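Please look over the sequence and the structure shown here. A short report on the fold follows them.

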Amino acid sequence: MDIQEKYLEKLKNGLGQLEISYTEEMIAAFFHYYEMIIEKNKVMNLTAITELDEVIEKHFLDSVSLARSMELHKKMRMLDIGTGAGFPGIPLKILFPELDILLMDSLNKRVRFLDEVIHQLGLDGIAAVHGRAEDMAQKSEYREQFHLCVSRAVANLASLCEYCIPFLKVGGTFVSYKSGDVENEVTQAKKAISVLGGKIVNIEKFIITGTELSRSFVIIEKVKHTPRPYPRKAGIPSRNPL
């Protein structure tokens, strides 16, 4: 087995464990995506994780672990906030083409990279937009327009809820990708979740496929409209969480 074959097997086995079906074209897209990340990483900081086996585990399989918790083979509008190099949005789009995805990031250089990835991989029904969540959520074309919002961004849960919940339709779902030990954050975020119109419906804990890393999904349903003052102006949610 050559090196490439070993990595192919790692990705395919991981998807198999997650019970995600795939085509050879999808697998090829992941490797093309990886090559683009590594090339761009030479001139800008996209990720500290660059070894292919680690990217497969800690970025690709982690991103698509959402399939454990949600039915993704359906038409719904999804927002990925603080997407960075495109995680989890691009891996999800590769495997679940029915999703209509918007990638949002506050750094324009990253958004230009994501535009190139979308073009090179020939992905339809996905776009990248430059902006801060605090500003974008006050715009009518984005506010309460999404069925699903996801984020792997590193921020405390209370702040993330203020960034993400305003984008959801009532009845929509926010999934925050967190490390395994999340109880304190959840406790501290309960007030914010309530104020913003959300309700925690589940905390799912698991080990990321192929690793020993623990992961939690904090799953929040939007049960009522977010009051108009939220999110507060840029910077305030992170400096002074609800």
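## Basis

This is a predicted model, in which local features need pLDDT of at least 70, side-chain atom pairs count only at pLDDT 80 or more, and totals for chains, interfaces and linings use all residues. Residues are numbered from 1 along each chain as its sequence is written, and side-chain values use heavy atoms, with hydrogens and water left out.

## Overall shape

The protein chain has 9 helices and 7 strands. Helices (H or I, at least four residues) and strands (E, at least two) are DSSP runs, numbered from the N terminus. The radius of gyration is 17 Å, close to the 18 Å of the globule rule for 242 residues, so the chain is as compact as a globular protein of that length. That radius is taken over C-alpha atoms, and the rule is 2.2 Å times the number of residues to the power 0.38. Along the principal axes, the C-alpha atoms fill a box of roughly 55 × 35 × 30 Å.

Of the 242 residues, 54% count as buried. Buried means under 20% relative accessible area, exposed over 50%, and partly exposed in between (1.4 Å probe, protein chains only). The accessible surface is about 11,000 Å²; carbon and sulfur atoms hold 48% of it. Areas come from the Shrake-Rupley method with a 1.4 Å probe, and for residues only the protein chains shown count as cover. Among contacts (heavy atoms within 4.5 Å) between residues at least 6 apart in sequence, 70% join residues at least 24 apart.

## Strand pairing

Strands β4 (residues 146-151) and β5 (residues 168-179) pair in the parallel sense, over 5 bridges. Pairing requires at least two DSSP bridges between the strands. Val150 has Val175 in β5 as its bridge partner. Helix α7 (residues 157-164) carries the chain from β4 to β5, in a right-handed β-α-β crossover. Right-handed means that, with the strands pointing away from the viewer, the path from the first strand over the helix to the second runs clockwise.

β5 also runs antiparallel to β7 (residues 214-222), joined by 7 bridges. Ser179 stands opposite Arg215 in β7. On β6 (residues 198-207), 9 bridges make an antiparallel link to β7. Lys205 has Ser216 in β7 as its bridge partner. β6 and β7 form a hairpin with 6 residues between them. Gly210 in the turn has a positive phi of about 85°. In β7, 7 of the 9 residues are buried, so this strand is largely enclosed by the rest of the structure.

## Cores

The largest nonpolar core holds 55 residues. Such a core is a set of buried Ala, Val, Leu, Ile, Met, Phe, Trp, Tyr and Cys residues joined through side-chain atoms within 4.5 Å. Tyr33, Leu66, Ile90, Leu92, Ile94 and Leu148 touch the most other members. Helix α2 (residues 24-41) gives the most to this core, with 9 residues. Another core, of 31 residues, lies apart; Leu79, Ala137, Tyr142 and Ile220 are among its members.

What does Leu66 contact beyond its neighbours within four places in sequence? The partners are Leu72, Leu92, Leu148, Val150, Val175, Tyr177 and Phe217.

## Helix sites

Helix α3 (residues 52-64) is mostly covered, with 10 of its 13 residues buried. Among them are Glu57, His59 and Asp62.

Gly16 is in helix α1 (residues 3-17). Gly16 is partly exposed, at 43% relative accessible area. The C-alpha atoms of Gly16 and Thr209 are separated by 9.9 Å, although these residues are 193 apart along the chain.
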